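Here are a few exercises to work through with the model open in your viewer. Try each one before you read its solution.

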Amino acid sequence: MKPARRAVTGILLLDKPAGISSNRALQQAKRLFNADKAGHTGSLDPLATGLLPICFGEATKIAGYLLGSRKAYAAQCRLGTTTTTDDAEGEVVRRLPVPELHDKTIEAALATLRGRIVQMPPAYSAIKQGGVPLYKRARRGEDVVVPSRDVEVDRFDLQGRAGDTLSLHVECGSGTYVRSLARDLGERLGCGAHLTALRRLWVEPFRDPVMHTLESLEQIAADGGLAALDRLLLPIEAGLGALPALHLDAEQARRLRHGQRLSLPGQGPLPLCRAMDAQGRLVALVRLDVEGTAAIVRGFAAPD
């Protein structure tokens, strides 16, 4: 008989392996922690590795805020070949000779893909139309019309070259497809390209993450059990460091935890901020109006 799932709260910085979906990685981590509730903060394709923040318990309430965070990737693309999925998992669509390319030529092409750009996501993507992911429509052979979107690309830099393979560094905002950047770079260079490797390096606010592989988690669980695994979890507050903090006394924290009206004259107006109790624990995400009245955006259960 399987043990009952337990309530556990915190953020795990998982190093997702290649070859499995983000959801499968999530389910494996959830099983290891025997957690009753878990969610990840932004999918990585099966091809990709690297940082996949997983939120357990009360931390799932902030997953939506992490989804919109900026991200960084190490990527590789191969020139001369395009594929149906814009990466190495798709079928080859076209092969073209790769011209002699100087670094200045590549830099000029990269420059056109930086800043605020309009991007066409891959046809094989999780974007939904009519409630159905585009990749399912594409696999059924349906004609897929992919809507373009505005995205932010802060950095798209050449890190190295090996034959027809380019090593790239990408820093971008939410909703940006690195596969599409590789495809569009190949188009600008006149020979096509597709993504061959991708590793997510960081997601704000985890700019210097200590990541844990599934294999290391298995070993830690075998050696020290659930208590050892729990020591790897970051508190919810770690995912909200970019928000201003509002410090409350014991009575104010109690009232807010009970959903009661809280007035803090002279404090407002404030955008979204994290209300903290005297022990530095997260009580709620709140907004303050001009009169200092706190409106709860998201409340959190009091820790045991």
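**Exercise 1.** Find out which residues of H5 are buried, and say what covers them.

*Solution.* Keep in mind that this is a predicted model. Start with the cut-off: a residue is buried when its relative accessible area is under 20%. Go along H5 with that, and you pick up Val-178, Arg-179, Ser-180, Leu-181, Ala-182, Arg-183, Asp-184, Leu-185 and Gly-186. That makes 9 of the 11 residues of the helix, which spans 178–188, so H5 is largely enclosed by the rest of the structure. Next, look at the cover: it includes strands S4 (71–79), S7 (115–119), S10 (149–162), S11 (165–172) and S12 (193–203), plus helix H3 (103–111). Last, step just past the end of H5, where Gly-190 has a positive phi of about 80°. For the chain as a whole, buried residues make up 46% of 304.

**Exercise 2.** Work out the strand order of the open sheet of 5 strands, and find which strands stand at its edges.

*Solution.* Reading across, the order is S13-S15-S16-S17-S14, and the pairing is mixed. S13 (245–247) and S14 (262–263) each have a single partner strand, so they are the edges, with one side of each left without a neighbour in the sheet. Now zoom in on S13: it runs parallel to S15 (residues 270–276), and 3 bridges join the two. Take His-247, whose bridge partner in S15 is Met-276. Finally, see what lies across the sheet: helix H7 (residues 250–257) covers S13, S14, S15, S16 (282–288) and S17 (293–299), at about 85° to S16.

**Exercise 3.** Describe how H1 and H6 pack, and sort their contact residues by class.

*Solution.* Geometry comes first: H1 (residues 22–33) and H6 (residues 214–230) meet at about 35°, and their axes are 9 Å apart. From H1, the contact uses Ala-25, Gln-28, Ala-29, Arg-31, Leu-32 and Phe-33; from H6, it uses Leu-214, Leu-217, Glu-218, Leu-226, Leu-229 and Asp-230. Sorted by class, that gives 8 nonpolar, 1 polar and 3 charged residues.

**Exercise 4.** How much space lies in the second largest pocket, and which residues are closest to its centre?

*Solution.* The volume comes out at about 430 Å³. Of the 17 lining residues, Thr-9, Glu-58, Ile-236, Ala-301 and Pro-303 are the closest to the centre. Then tally the lining by class: 9 nonpolar, 2 polar and 6 charged.

Note on methods: Residues numbered from 1 in each chain as written. Predicted model: local features only at pLDDT ≥ 70, side-chain atom pairs only at ≥ 80, totals over all residues. Heavy atoms only, no water. Pairing = 2+ DSSP bridges. Helix = DSSP H or I, 4+ residues; strand = E, 2+ residues; numbered from the N terminus. Contact = heavy atoms within 4.5 Å. Axes fitted to C-alpha atoms, helices over the stretch in contact; angles between N-to-C directions. 1 Å grid on protein atoms, 1.4 Å probe; cavity = no way out; pocket = protein on both sides within 12 Å on 5 of 7 lines; lining within 4 Å. Points joined across faces, edges and corners; volume = space filled by probe spheres on them. Nonpolar A, V, L, I, M, F, W, Y, C, P; charged D, E, K, R; others polar. Buried < 20%, exposed > 50% of the residue type's maximum accessible area, 1.4 Å probe, protein only.
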